[in-house]
Amino acid sequence: MKRQRYSGRNYKKALNISDLECIAKRRLPNFVFEYVYGGSDDEHTLRHNRSVFDRYQFEPRTLTRVGPRNLSTTLFGQQSGLPLVIGPTGFNGMLSQDGDKKLAKAARQYGIPFVLSNVSTTALEDIVTLEGVTTWMQIYFYRDRAFVKSLIERCKKADIEAIVITTDSAIYGNREWDIRNFRRPMKPTIANLLHLMSKPGWMLDVLYPNGLPTFKNLDELLPPGKRSAQGASAIIGQQLDPSLNWEDIAWLRDLWPGKLIIKGILAPEEAEKASQAGVDAIVLSNHGGRQLNHSLSPMDTLADVKARIGNRCHLFVDSGFRRGTDIVKALALGADAVWLGRATLYGLAAGGQEGVEHALGILRSEIDRTVGLLGYSALDELTPECLKPAHPLTL
Ligand SMILES: Cc1cc2nc3c(=O)[nH]c(=O)nc-3n(C[C@H](O)[C@H](O)[C@H](O)COP(=O)(O)O)c2cc1C
């Protein structure tokens, strides 16, 4: 008999993140799904981000008196319910109305931090008012440094704990599906508009009553009338600053007294330099395969980076994490936590806040089972010795 996966739309029936991805695809208009799913150029890195996990196999211990697993960890001195962070993703309001708030509340439910993108559809002030949410703020380094400074001032006023500077996106990645699906910015092709007609649930959720969501953190950067995605994309593109360098990080370090996180590093030398430049954490990332195609995966450099930076600062990773086994492999190689991008976005698109909680619940039970089957009861027992290279080791 042909094996058949769940083919409905009920997020509660999703057994794994891949099921949530399929439900998201059924619920979203094509151009929105492609915006989330797609990678750059011919998507080699997008694929590599998944296949890289096959290079590592577990060497379990069996007679180890495994007890109830403790999956909590400590990030910046505070307890985190899981070794996970919901990472920054822009334009979440396109997946579900108030998508940022839904992600933030789901993160709170699991006692983990939520990172708000600066290209979000919710103002940072509206996230920090949600009681009990640990909010970190992601910022792109725009040419208009006065605007960057004003964003940082807003973060100080809002008592944001950590700022995340993304360094791998100073030039837009080439996401061809995002170009193919549109005639002009935010003007979908006729085929996409026809497909949209088959998504009344999405239209009611996202477009009613205010129309397309707009960018809520960029008012001073975008002239009035240019705050919609249609008006803003070209301006944001021109504002991204490829001259970003270590002097900017030093400038920021002086300006920002809170935790400073650099996201987008892959080279061990750069990670080492960052750890010496007073940053509090690094996120090894290739932006989920959306920027430089044929880029390494963070899993390719994680062990080397850990060997160089030791415990000087926190070490996070993202890009391609969809299973508890993926997450446990990264923790074993020295990551303090894994940041989630699409995994929780698929939950959001499939079922709003509850869908995100479902995604986190799936990952929690997968991590729990993996740690237990490996023969351990706590995350700090995980070491590189848990892993063996899969054969043949293809580099
Ligand atoms: C739809 C989407 C929007 C994103 N927007 C941002 C952003 O605004 N800022 C940022 O630093 N990273 C952004 N990212 C990258 C994510 O933070 C993260 O690095 C990436 O999604 C991890 O890969 P994964 O989706 O395979 O987990 C975005 C990713 C996606 C999928």
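**Close-up views of a predicted model**

View 1. Phe 114 is found in strand E5 (residues 114-116); helices (H or I, at least four residues) and strands (E, at least two) are DSSP runs, numbered from the N terminus. The model is predicted, so local features need pLDDT of at least 70 and side-chain atom pairs count only at pLDDT 80 or more, while totals for chains, interfaces and linings use all residues. Residues are numbered from 1 along each chain as its sequence is written, and side-chain values use heavy atoms, with hydrogens and water left out. With a relative accessible area of 1%, Phe 114 is buried (buried means under 20% relative accessible area, exposed over 50%, partly exposed in between, with a 1.4 Å probe and protein chains only). Leaving aside residues up to four places away in sequence, Phe 114 touches Ile 86, Asp 100, Leu 103, Ala 104, Ala 107, Ile 127, Val 133, Thr 134, Thr 135 and Trp 136; contact means heavy atoms within 4.5 Å. Lys 101 is 13 residues from Phe 114 in sequence, and their C-alpha atoms are 9.7 Å apart in space.

**View 2. Packing of helix H4 on helix H15.** Helix H4 (residues 99-109) and helix H15 (residues 342-374) pack at an angle of about 20 degrees, and their axes are 8 Å apart. Axes are lines fitted to C-alpha atoms, for helices over the stretch in contact, and angles run from 0 to 180 degrees between N-to-C directions. H4 is therefore roughly parallel to H15 (angles under 35 degrees count as roughly parallel, over 145 as roughly antiparallel, 65 to 115 as roughly perpendicular and the rest as oblique). The crossing of H4 past H15 is left-handed; this term applies if the near helix is turned anticlockwise from the far one by less than a right angle, and right-handed applies if clockwise. On the H4 side, Gly 99, Lys 102, Leu 103, Lys 105, Ala 106, Ala 107 and Gln 109 take part, and they meet Thr 344, Leu 345, Leu 348, Gly 352, Gln 353, Val 356, Glu 357 and Leu 360 in H15. The contact of H4 with H15 has seven nonpolar, five polar and three charged residues (Ala, Val, Leu, Ile, Met, Phe, Trp, Tyr, Cys and Pro count as nonpolar, Asp, Glu, Lys and Arg as charged, and the others, Gly among them, as polar).

**View 3. Helix H14 against helix H15.** The axes of helix H14 (residues 324-332) and H15 come within 8 Å and cross at roughly 60 degrees. This angle makes H14 oblique to H15, and the crossing is right-handed. Gly 324, Thr 325, Ile 327 and Val 328 of H14 make the contact with Leu 363, Glu 366, Ile 367, Thr 370, Val 371 and Leu 374 of H15. By class, the contact of H14 with H15 has six nonpolar, three polar and one charged residues. Eight of the nine residues of H14 are buried, so the helix is largely enclosed by the rest of the structure. Among the buried residues of H14 are Asp 326 and Lys 329.

**View 4. Aromatic pairs.** The structure holds 15 aromatic pairs; rings of Phe, Tyr and Trp (its six-membered ring) pair if their centres lie within 6.5 Å, and planes under 30 degrees apart count as stacked, over 60 as edge-to-face and the rest as tilted. One of these pairs, Phe 33 and Tyr 346, is stacked, at 6.2 Å centre to centre and 25 degrees between the planes. Phe 33 in helix H2 (residues 30-37) and Tyr 346 in helix H15 are 313 residues apart, and their pair links distant parts of the chain. Phe 33 is buried at a relative accessible area of 6%, and Tyr 346 counts as buried at 2% relative accessibility. The pair of Phe 76 and Trp 136 is tilted, because the ring centres are 5.4 Å apart and the planes are at 50 degrees. Phe 76 lies in the loop between strand E2 (73-75) and strand E3 (78-80) and Trp 136 in strand E6 (residues 135-139), so this pair ties together parts that are 60 residues apart in sequence. Both Phe 76 and Trp 136 are buried. One aromatic cluster is formed by Phe 76, Trp 136, Phe 316 and Trp 339.

View 5. Phe 91, in the loop between strand E4 (84-86) and H4, has a positive phi of about 65 degrees although it is not a glycine. Phe 91 is buried, with a relative accessible area of 9%. His 287, also not a glycine, has a positive phi of about 65 degrees and lies in the loop between strand E11 (281-284) and helix H13 (298-309). His 287 counts as buried at 15% relative accessibility. A cis peptide bond, with omega about 0 degrees, joins Tyr 208 and Pro 209. Pro 209 lies in the loop between helix H9 (200-207) and helix H10 (229-239).
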